[in-house]
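Subject: Structure handover and findings

Hello,

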Amino acid sequence: MNAKHARNTRPTQSGYVLLEALVALLIFSLGLLGMIGFQAASTKIATDSRFRTEAAMLADELLAKMTASDVSKVETEFAAPNGPKFKAWLNDRVIAAARLPNAVVTPTFTKSATTSTLLVSLVVEWEMPGVARDPKQIKEVKGRYVTRALLF
């Protein structure tokens, strides 16, 4: 009789294990969503870094071709878009082989104080992949790499 009385007085605790499991599942899912967010941000940063590296390599390659040419002819040979050497390089290297989406290379030439030197500014622009384009948004989001060099 004493054992029966003890069984009746014990408080009932049914459902607490299920509630604890649900709370643990909620905490785990929030942590998992956070890790997925970090992975997405990491992928975006890695892609941006890869495109910037590609743009820097293209700019350095074009500057090397300009350096190998005679300074007095650089402006006519590498003028965008119809300079013969610029056009050949653009078709062979940028359009056919580069991994930059819709890349545009713009060289700008500035005469320096002496006739044997020339200041060259190169701008490499490309479209950023994965950026949602809003029809109301006038400005497109583009990647941009700018470098300058003095040729002599």
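First, the ground rules. This is a predicted model, where local features need pLDDT of at least 70 and side-chain atom pairs count only at pLDDT 80 or more, while totals for chains, interfaces and linings use all residues. Residues are numbered from 1 along each chain as its sequence is written, and side-chain values use heavy atoms, with hydrogens and water left out.

**Overall**

The chain has four helices and three strands. Both kinds of element are DSSP runs, numbered from the N terminus: helices are H or I with at least four residues, strands are E with at least two. The order from the N terminus is α-α-α-α-β-β-β. Of the 152 residues, 26% are buried. Here buried means under 20% relative accessible area, exposed means over 50%, and partly exposed is in between (1.4 Å probe, protein chains only).

The accessible surface comes to about 11,200 Å², and carbon and sulfur atoms hold 62% of that. Areas come from the Shrake-Rupley method with a 1.4 Å probe; for residues, only the protein chains shown count as cover. Now contacts, meaning heavy atoms within 4.5 Å. Among those between residues at least 6 apart in sequence, 57% join residues at least 24 apart.

**Salt bridges**

The count is seven. The rule asks for a side-chain nitrogen of Lys or Arg within 4 Å of a carboxyl oxygen of Asp or Glu.

- Glu54 and Arg99 pair at 3.3 Å, N to O. The two belong to distant parts of the chain, 45 residues apart: Glu54 is in helix α2 (residues 16–68), and Arg99 is in the loop between α4 (84–95) and β1 (104–111). Glu54 is buried at 5% relative accessibility, whereas Arg99 is exposed at 56%.
- Glu75 and Lys111 pair at 3.0 Å, N to O. Glu75 sits in helix α3 (residues 71–77) and Lys111 in strand β1, so this bridge ties together parts 36 residues apart in sequence. Glu75 is partly exposed at 29%; Lys111 is exposed at 65%.
- Glu77 and Lys85 pair at 3.4 Å, N to O. Glu77 is buried at 17%, and Lys85 is partly exposed at 39%.

There is also a network: Glu54, Glu61, Arg93 and Arg99 are joined by salt bridges that share partners.

**Asn102**

Where does Asn102 lie? Asn102 is in the loop between α4 and β1. Its relative accessible area is 52%, so Asn102 counts as exposed. Leaving out neighbours within four places in sequence, Asn102 touches Glu125, Trp126 and Glu127. With Glu127 there is a side-chain to side-chain polar contact at 3.1 Å. That term covers a pair of N or O atoms within 3.5 Å; within protein, one must be able to donate a hydrogen and the other to accept it, and residues adjacent in sequence count only if both atoms are side-chain atoms. Asn102 and Lys142 are 40 residues apart along the chain, with 9.9 Å between their C-alpha atoms.

**Thr147**

Thr147 is in strand β3 (residues 142–151). Is Thr147 buried or exposed? Thr147 is buried, at 15% relative accessible area. Again leaving out neighbours within four places, its contacts are Ala59, Leu63, Val120, Ser121 and Leu122.

Best wishes
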